[in-house]
Amino acid sequence: MGEAPDPIIAAKRKAKKFNAILATVAIVGCLLLWWLVSATGLINPVLLPAPGEVLSALVQSVRDGTIWINTWASLLRVLEGFLLGFSIAVPLGVLMGNSRVARGLIEPLIELIRPIPPIAIIPIMILWFGIGELSKVFIIAYGAFFPILVNTMAGFREVDPVLIRAARTLGAGRWQIFRDVVLRSALPFIIVGARLGMGLAFIVLVAAELIASSEGLGFLINDARYNFRTDRVFLGMILIGVLGFVLNKLLIEIERRLLRWRTVTA
Amino acid sequence: MAALLKLTRNDAAVHQPSANKVHIEGLAVRFSEFTALSNVSLDIADGEFVCLIGPSGCGKTTLLNTIAGFETASEGTLLVGGRPVSQPGPDRGVVFQEYGLFPWFTVEQNVQYGPRLKGLRGGELQKISDRYLSLVHLEHAAKHFPSQLSGGMRQRVAIARALANKPDILLMDEPFGALDAMTREMLQEELLKIWEVERRTCIFVTHSIGEAIFLADRIVVMAAHPGRIARVFHNPMGRPRNRTSSEYFEAFRVLNEELRMEIAAAKQAERGGE
C-alpha cells in the first residue's frame with residue numbers, strides 16, 4: 001500500500017528502456033532511408049539534398065554564427081509572445097472562471113474572435129505595428145492566448161466542492177480557499193493550456209517569420225529558398241523541429257515538478 | 001427486552017443543559033419547496049458519541065451539514081458551544097465520506113493545514129502532525145500523497161486532519177461507507193480508541209445498525225417525509241464493546257425493528273404523496 005513495490009518500478013524502467021530503443025531505431029531508420037533515396041539519384045538533389053549536405057550546412061552555419069543568431073531570434077520571439085499571451089489569458093481565465101458577470105460579458109467576445117486564425121491577423125498587425133518585433137510578438141501572443149484562456153476557465157469549473165468544504169471547516173478564508181484549493185485544482189488545466197498555447201505560438205512564429213522578417217528560423221528557410229539552397233531549407237526545418245521539441249520537453253518537466261502529486265506511483 | 005434500550009423523547013431531561021455542546025431546538029431546513037428537516041430538537045453533551053441513522057431522505061446528512069454550517073436553518077435554534085451556527089468553522093471538524101483530502105498536499109501537509117491557517121509554523125506544526133499521524137498509525141506515510149494510500153488509510157488521514165485542528169466537535173458523514181467490511185470494523189475500533197483519548201463530541205451519520213450500536217452512546221433514529229427525529233435510543237452497552245455479545249444482538253434486533261418501521265412508513269408516505 002504505502003511503499004512503492006519494487007517489481008513495478010523495475011518493470012517501468014524496463015519499458016522505458018525498450019521505448020528508447022524503439023525511438024532510436026525509428027530515427028536512425030528514417031535517416032538511413034533518406035540517405036538511401038538521395039544516394040540512388042532518383043530525386044533531383046536540388047529538391048532533396050542528402051543528409052550529409054544538410055550536415056555540412058549545419059557545420060557552416062555554426063562556423064559563421066548564423067545558426068545562433070536565427071535560433072536566438074526565434075526563441076526570444078516565441079517566448080515573449082507566449083509569456084505575453086499567458087500573462088493575459090491566465091488572469092482573465094481566473095476572472096471568468098470565478099465571476100458569472102465577467103464570463104457573461106467576455107465569453108461572447110472571445111467566441112467571436114477565436115475563430116479568426118492567427119495567420120489572418122498578420123496583415124493588420126504589420127500595418128499597425130510595422131514588420132519589427134512588436135507585430136510578431138503580438139501575433140504569437142494572440143495564437144497562444146486562446147487555448148490557455150479556455151483551459152484555465154475550464155479548470156476553475158472543475159473544483160471538487162468537497163475540497164472547498166473541507167478547507168472551510170479547517171478555517172480557510174476566501175483567499176486561502178482560492179490559493180490552496182481552487183488554484184491548485186485548476187493548475188493541471190492551466191498547464192495543459194500552456195502546452196497547447198506553446199504549440200500554437202510555434203506555428204504562428206514560423207508563419208510570421210516566413211512573411212516578414214530579417215532574422216529567425218522562418219527567415220532562414222525563406223532566404224535559403226530564394227537562393228535554391230535546399231540544404232539550408234532542410235536545416236531550418238530541422239532546427240525548428242528541435243526547438244519545438246526542446247520547449248515542449250521543458251514544459252513537460254515544469255508540469256512534472258508542479259504536479260508531482262499526480263504522477264507519483266501508487 | 002425493551003428495557004435494555006431505554007427510549008427517551010426528551011433529551012434535556014437526561015443531560016444538564018449547561019453541559020450541552022450542541023443544542024438544537026425546533027430546527028427546520030427547507031430548500032425552496034422541499035422540507036429536508038422539520039422540528040428537530042436534540043441536545044448533545046460534551047464528549048458524547050451520537051449516531052444519526054435512518055432511511056434515505058430522512059435528512060441525517062442535512063442535519064450534519066447544518067451543524068457543520070454548510071446549510072442554513074430555515075427556523076429554530078442551533079447552538080454549538082453556546083454560539084449560533086452561521087457558517088463552517090474550525091470549531092467543528094468534518095470527516096467526509098469522500099475523504100476530502102487535498103491531493104496536492106502530502107499526508108503530513110494535509111494534517112498540518114488547519115494549524116497552519118491558525119498561524120503555527122515549523123516545529124510546532126511538525127509536532128502536531130507527528131502526534132496525530134501516530135494516533136492513526138500512519139507515521140510511515142507522512143511524506144506520501146493521498147493517491148498513494150488505500151481508502152482506509154485515506155480516511156485515517158482525514159480523521160487525523162480533523163482532530164489536529166482541535167475542534168470542539170467532530171462531524172462524520174458516513175466516513176466508512178466506502179470501505180470494505182474488514183477495514184470498516186478496524187477503523188471503528190480505532191476511532192473509538194481515539195475518541196477515548198481525545199474525548200471530542202462526535203456526531204456520526206451512518207446507515208449501518210451495527211456501526212451505530214458499536215460506536216454510539218446514543219442513537220438518533222430519523223424518519224423521512226419530512227425529515228425528522230423519530231426516536232432516540234440510549235445505548236446500554238458498556239465499553240469496550242463486543243460485537244458477539246448477546247447485548248449487542250439484542251440492541252441490533254430492537255433497532256432493526258424500529259428502522260424497518262421507519263422505512264416502511266417512508267415508503268407508504270412516498271406512495272401516498274403520489
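**Helix packing, domains and chain contact**

The crossing of α9(A) and α10(A) is left-handed, meaning that the near helix is turned anticlockwise from the far one by less than a right angle. Helices here are DSSP runs (H or I, at least four residues), numbered from the N terminus. This is a predicted model, in which local features need pLDDT of at least 70 and side-chain atom pairs count only at pLDDT 80 or more, while totals for chains, interfaces and linings use all residues. Residues are numbered from 1 along each chain as its sequence is written, and chains are lettered from A in the order in which they are written.

Helix α9 (residues 217-226) of chain A and helix α10 (residues 230-258) of chain A have axes that come within 8 Å and cross at roughly 165 degrees; axes are lines fitted to C-alpha atoms over the stretch in contact, with angles from 0 to 180 degrees between N-to-C directions. α9(A) and α10(A) are therefore roughly antiparallel to each other (an angle over 145 degrees).

Chain B is divided into domain 1 (2-91 + 167-273) and domain 2 (98-166), with bounds from an automatic or database domain assignment. The contact between them takes 13 residues from domain 1 of chain B and 12 residues from domain 2 of chain B. On the domain 1 side, helix α5 (residues 181-198) of chain B gives the largest share, 6 residues.

Between the chains, the contact takes 16 residues from chain A and 28 residues from chain B. On the side of chain A, α7(A) supplies the largest share, 6 residues.

Methods. Two residues are in contact if their C-beta atoms, placed from the backbone, lie within 7 Å. Helices (H or I, at least four residues) and strands (E, at least two) are DSSP runs, numbered from the N terminus. Angles under 35 degrees count as roughly parallel, over 145 as roughly antiparallel, 65 to 115 as roughly perpendicular and the rest as oblique.
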